[in-house]
Amino acid sequence: MNTATMTENTTTLTISPRLAKSVRRNIKERVIELILMLAALSAVFTTFAIVAILFYESFGFFKTVSLVEFFTGTEWTPLFEDAHYGILPLVAGTLTTSLVALAVAVPIGTIAAIYLSEFASHKTREIAKPILELLVGVPTIAFGYFALLFVTPLLQKVYPVLPGFNMLSAGLVMGVMIIPYIASVAEDAMRAVPMSMREGSYAMGATRFQTAIRVITPAATSGIVAAYILAISRAVGETMVVAVAAGQQPNFTFNPTEGAATITAYIVQVAMGDLPHASIGYQSIFAAGLVLFAMTLGFNLIGHVVRKKFREQY
Amino acid sequence: MTTEMKASVLKNLDAVRAMIRRHKRNDMLFAMVGLVALMLGLLTLLTLFIDLVMDGYPRFNLQFFSDFPSRRAGSAGLLSAWVGSALVMLVTFLTAVPVGVAAGLYLEEYAPKNWFSDLIEINVSNLAGVPSIIYGLLALGLFVYGFNFGQSILTAGLTLGLLILPIVIVSTREAIRGIPVAIREAAYAVGATKWQVVSDHVVKYSQGGILTGVIIGMSRAIGETAPIITIGALTFIAFLPPSPISDVAPFINFQWLDSGFTVLPIQMFNWLSRPDHAFHINAAATGAIIIVVTLLMNGTAIYLRYKIRKNIKW
Amino acid sequence: MVNITTPIKAEARDLNFFYSNGNQALKSINMPLYEKKITALIGPSGCGKSTFLRCFNRMHDLYPGNKYQGQIVMHPDNTNILEAGVDPIEVRMRISMVFQKPNPFPKTIYENVAYGLRVRDEKNKRTLDDKVEEALKGAALWNEVKDRLQDLAFNLSGGQQQRLCIARALATDPEIMLFDEPTSALDPIATANIEELMSELKEKLTILVVTHNMQQAARVSDYTAYMYLGELMEYGDTNQIFTRPTRKETEDYITGKFG
């Protein structure tokens with residue numbers, strides 16, 4: 001109904017106040033729905049903006065730096081006089097700290113999940129699950145302090161030549177940080193295994209351990225693997241622990257007892273300085289960020305696909 | 001039944017019992033290992049907290065909260081940091097809560113189940129997995145230079161608002177999903193419009209759940225360091241932003257939004273990055289304070305959720 | 001009437017059972033299981049027949065707070081399997097169970113059948129192969145799966161899955177086999193297969209079967225017990241129960257006036 005017919009209507013016949021009210025009501029309802037929809041679309045805008053900004057700034061970067069140098073160069077010194085732009089040292093640092101973290105978090109997190117899901121009493125679980133959530137919420141800067149000023153000195157007592165900045169203690173602490181995450185997600189996957197399967201196993205005379213290892217864990221594999229993959233994504237994107245404890249010197253090595261910068265640590269290091277907008281140094285953190293974003297996006301997507309698969313299984 | 005048969009059954013039973021004893025030992029062993037694995041995260045956090053408190057205890061006094069940062073560790077304080085944190089949180093709250101709740105309402109109550117809602121959903125879950133430092137890069141490119149907000153409280157608040165948006169959306173949706181269809185039908189049956197049903201009933205009954213999500217999101221935002229560093233926040237701030245409340249009409253002003261600032265985790269990172277050990281004491285004290293604040297917030301949220309689950313029985 | 005020369009394999013003596021919420025689901029039940037016979041439990045839903053069945057392999061122990069009172073005595077060793085000192089695992093190694101809905105493990109057909117043996121630490125490949133084949137033959141499944149033993153069990157049809165679960169329960173030579181409404185999730189042809197199988201199995205072992213289907217009870221069982229509200233109302237030779245029930249309630253249930 002457009003305004004012309006409306007005025008026409010009012011001149012020829014008086015529309016009932018009830019109808020008018022209902023029209024107003026309808027318009028109000030529509031406007032509200034539109035506002036709510038825009039709010040929901042903010043998620044899409046954000047993703048779009050992230051991708052756009054990363055690509056836009058990286059584009060400027062890749063006008064100066066060739067893709068070949070970026071992906072194959074083994075030196076990363078964008079802020080030096082003699083600048084090199086090989087991302088590999090940062091990727092190596094990121095992967096090394098992440099692998100150390102996973103080496104800690106995967107076994108311990110999985111064992112904790114099995115314990116929680118198959119061994120712990122209902123009461124223990126009720127207490128432990130919220131505590132795990134609390135642990136996930138501890139700010140990572142606090143863990144950075146712990147890695148630098150508690151774990152590293154401790155490790156140096158055993159291994160005196162360990163430098164003050166090293167990937168080992170950063171990775172170890174990051175691993176402990178990720179344990180609750182893996183434990184919680186993997187436990188969810190194990191609880192989702194139907195009770196009938198447990199009963200089937202126990203009815204054959206299996207113990208808890210046998211049931212957990214031979215039936216529940218295989219049945220929950222995809223959920224557990226999804227937990228690992230999402231954990232990798234977290235480790236790769238973790239910033240403060242590595243920026244504080246692993247050092248900020250790009251170093252092309254996979255040796256965890258050395259110090260090395262990760263992608264995130266590099267971004268922090270540059271941001272702490274005073275770089276002019278649109279300089280190559282400024283652009284370099286977006287190029288590095290793009291690589292990080294691609295890595296975590298890849299892991300997250302794989303994780304979600306795997307997790308979806310396990311949900312559909314039963 | 002011959003005695004011979006009986007003897008064979010009994011002999012068999014002895015073997016079975018021996019085997020069960022063996023299996024049960026494995027069970028016990030695993031239960032012990034599992035408990036240790038589960039406790040490891042908790043014990044580490046406890047160690048971390050005790051370490052921070054022991055290192056930082058000389059600074060636990062009111063002076064620490066009322067002093068500006070200083071070149072001398074002993075007289076440096078947290079005043080600008082905690083005021084900055086509070087103001088940034090205010091902006092974060094004011095952006096993330098309305099947008100997040102509106103988005104959650106749209107997705108649960110309005111969105112048609114088609115590719116469009118799928119698109120939004122995929123974006124929300126993807127954003128939840130994007131490393132926080134990437135949000136920093138987004139803000140640096142978009143808010144700081146794109147919109148020319150500069151390295152201000154507004155930029156920081158918006159950045160953290162975007163960061164916790166997925167948390168608020170997801171918890172809103174979960175809270176709404178718990179409301180039975182019958183309640184909605186009852187309201188429609190007496191002639192309410194969709195928005196009346198949503199605002200009078202759906203929002204009201206999901207308040208608790210939404211609040212839980214908001215608290216968890218805010219506690220995450222308080223401890224976030226990486227995105228704030230990335231936007232180029234200064235770390236040495238010896239002034240306070242203009243007060244949001246003025247003594248002349250209209251009694252509020254918005255100048256503080258443009259002000260430079262620092263926040264608690266940044267201040268901690270700054271002190272932690274200095275070689276002088278005296279500043280590490282300040283960092284430890286700040287870390288302990290941040291942990292207490294976030295644990296209190298998360299604890300409140302988890303307790304609240306527990307209460308809601310216990311009390312409401314539809 | 002009851003054949004006195006047949007030995008008793010197990011018997012419930014004054015058995016009471018309480019769920020963790022305090023509900024008494026079984027009220028002083030006394031009933032024998034005759035060796036190498038099929039005993040059927042019938043009664044309306046909620047009468048406690050499945051609860052009773054699950055006492056025989058201590059399934060209720062999986063959930064905290066459940067409580068048994070009284071005895072279930074196994075012969076010839078006279079063990080009261082409900083006694084606190086008796087490990088439920090030991091009971092389950094002697095008494096296996098087939099569930100209402102087929103519940104194969106997410107493993108291959110072979111590994112499903114071999115599960116009980118592996119749980120019992122059997123590692124010899126020859127023994128495993130032989131036992132798996134024997135059990136699958138015993139469950140009348142061998143011809144259908146002998147060429148695809150390494151396939152996932154989930155790929156079998158519902159009826160095949162249930163026979164696989166029977167093979168799994170059979171592979172460890174149990175003394176008693178429990179069937180909890182084994183055909184309720186199956187089509188008529190698969191049901192007929194399972195019923196035929198049960199009749200063959202009783203050559204070797206004692207069977208207790210819960211069924212909501214009275215024709216099934218009449219077709220397969222030697223003895224029938226009618227339960228109502230946690231009580232054993234009537235127990236006897238299947239022919240007698242279905243032709244000359246002594247109690248009015250049993251007759252009403254059997255003739256379909258009630259239940």
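## Exercises on a predicted model of three chains

In this predicted model, 19 residues of chain C and 15 residues of chain A make up the contact between the two chains.

**Exercise 1.** Which elements of chain C each supply at least two residues of the side that touches chain A, and how does that side divide by class?

*Solution.* Step 1: find the elements. Helix 2 (88-94), strand 6 (95-98) and helix 3 (109-119) of chain C each give at least two residues to the side that touches chain A. Step 2: sort the residues of this side of chain C. Eleven are nonpolar, four are polar and four are charged.

**Exercise 2.** Describe the packing of helix 3 of chain C against helix 6 of chain C.

*Solution.* Step 1: take the geometry. Helix 3 and helix 6 (residues 158-170) of chain C have axes 6 Å apart and pack at an angle of about 35 degrees. Step 2: list the residues. Helix 3 of chain C contributes Ile109(C), Asn112(C), Val113(C), Tyr115(C) and Gly116(C), and helix 6 of chain C contributes Leu164(C), Ala167(C) and Arg168(C). Step 3: classify them. The contact of helix 3 with helix 6 of chain C has five nonpolar residues, two polar residues and one charged residue.

**Exercise 3.** What is the strand order of the open sheet of four strands in chain C, and which are its edge strands?

*Solution.* Step 1: the order is 2-1-4-5 in chain C, and the pairing is antiparallel. Step 2: look for strands that pair on one side only. These are strand 2 (24-34) and strand 5 (79-80) of chain C, the edge strands. Step 3: examine one pair. Seven bridges join strand 1 (residues 8-18) and strand 2 of chain C in the antiparallel sense. Step 4: take a single bridge. Glu11(C) has Pro32(C), in strand 2 of chain C, as its bridge partner.

**Exercise 4.** Why is chain A described as more spread out than a compact globule?

*Solution.* Step 1: count the elements. Chain A has 13 helices and zero strands. Step 2: compare the radius of gyration with the globule rule. For 314 residues the rule gives 20 Å, but the radius of gyration of chain A is 27 Å, well over that value, so chain A is more spread out than a compact globule. Along the principal axes, the C-alpha atoms of chain A fill a box of roughly 95 × 70 × 35 Å. Step 4: consider the contacts inside the chain. Of those in chain A between residues at least 6 apart in sequence, 73% join residues at least 24 apart.

**Exercise 5.** How many residues of helix 12 of chain A are buried?

*Solution.* Step 1: start with the chain. Of its 314 residues, 53% of chain A count as buried. Step 2: turn to helix 12 (residues 263-272) of chain A. Nine of its ten residues are buried, so helix 12 is largely enclosed by the rest of the structure. Step 3: name some of the buried residues of helix 12. Among them are Ile263(A), Tyr266(A), Val270(A) and Met272(A).

**Exercise 6.** How many residues of chain A are in contact with chain B, and which helix of chain A gives the largest share?

*Solution.* Step 1: 71 residues of chain A are in contact with 74 residues of chain B. Step 2: helix 2 (residues 17-64) of chain A gives the largest share of the chain A side, 20 residues. Step 3: by class, the side of chain A that touches chain B has 49 nonpolar, 16 polar and six charged residues.

Conventions: Residues are numbered from 1 along each chain as its sequence is written. Chains are lettered from A and ligands numbered from 1 in the order in which they are written. This is a predicted model: local features need pLDDT of at least 70, side-chain atom pairs count only at pLDDT 80 or more; totals for chains, interfaces and linings use all residues. Two strands pair if DSSP finds at least two bridges between them. The radius of gyration is taken over C-alpha atoms; the globule rule is 2.2 Å times the number of residues to the power 0.38. A residue is buried if 20 or more other C-beta atoms lie within 10 Å of its own, exposed if 12 or fewer, and partly exposed in between; C-beta atoms are placed from the backbone. Two residues are in contact if their C-beta atoms, placed from the backbone, lie within 7 Å. Ala, Val, Leu, Ile, Met, Phe, Trp, Tyr, Cys and Pro count as nonpolar, Asp, Glu, Lys and Arg as charged, and the others, Gly among them, as polar. Axes are lines fitted to C-alpha atoms, for helices over the stretch in contact, and angles run from 0 to 180 degrees between N-to-C directions.
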